Amino acid sequence: MKGKFLFLAGTATGFVLGSKAGRQAYDRIAAKARQMWGDPGTQKVIWQAEGIARDAATVAQTKVSGLLDQAQASIKKEERKANSTPDADSHDL
């Protein structure tokens with residue numbers, strides 16, 4: 001899908017830049033793009049996508065925060081274990 005979009009975008013760009021009536025073609029394409037962008041259906045899809053992205057970001061933030069808490073707890077546990085174990089080099093001879 002991404003490849004098709006890039007192909008179409010490249011084709012449109014080539015058409016606009018390569019045609020004799022480039023400015024007129026550009027104006028028509030730009031007007032159509034503005035019309036599509038302002039369409040209520042398009043805006044509804046954009047609004048839904050923003051909501052999905054916000055929800056996904058919240059879930060990711062919660063998971064990362066939980067993993068960070070686990071890592072900090074594990075580090076503290078290992079530090080306590082390391083401090084409570086006597087060093088092998090400190091034996092009296």
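**Surface and ground rules**

I began with the surface: the protein exposes about 8,600 Å², and carbon and sulfur atoms supply 63% of that area. The areas come from the Shrake-Rupley method with a 1.4 Å probe, and for residues only the protein chains shown count as cover. I kept in mind that this is a predicted model, where local features need pLDDT of at least 70, side-chain atom pairs count only at pLDDT 80 or more, and totals for chains, interfaces and linings use all residues. Residues are numbered from 1 along each chain as its sequence is written, and side-chain values use heavy atoms, with hydrogens and water left out.

**Confidence**

I looked up pLDDT, the predictor's confidence in each residue, from 0 to 100. Its mean over the protein is 84, and 86% of the residues reach 70 or more. Helix 1 (residues 2-18) has the lowest confidence, at a mean of 77, while helix 3 has the highest, at 94.

**Fold**

I found three helices and zero strands, taken as DSSP runs numbered from the N terminus (helices: H or I, at least four residues; strands: E, at least two). Of the 93 residues, 5% count as buried (buried is under 20% relative accessible area, exposed over 50%, partly exposed in between; 1.4 Å probe, protein chains only).

**Helix 2**

I checked the length of helix 2 (residues 22-38): its 17 residues should span 24 Å at 1.5 Å a residue, and its end C-alpha atoms are 24 Å apart, which agrees. The expected span is 1.5 Å times one less than the number of residues. Next I listed the buried residues of helix 2, namely Gly22, Ala25 and Ala30. They sit on the same side of helix 2 because they cover an arc of only 130 degrees around the axis, taken from the directions from the helix axis to the C-beta atoms. The face turned away from that side carries the exposed Gln24, Arg28, Arg34, Gln35 and Gly38.

**Helix 3**

I ran the length check again: the 45 residues of helix 3 should span 66 Å, and the end C-alpha atoms are 66 Å apart, which agrees.

Which side chains meet in a salt bridge? I found lysine 81 and glutamate 78, at 3.6 Å, N to O (the cut-off is a side-chain nitrogen of Lys or Arg within 4 Å of a carboxyl oxygen of Asp or Glu). Both lie in helix 3 (residues 40-84), three residues apart, about one turn of the helix. Lysine 81 counts as partly exposed, at 45% relative accessibility, and so does glutamate 78, at 42%.
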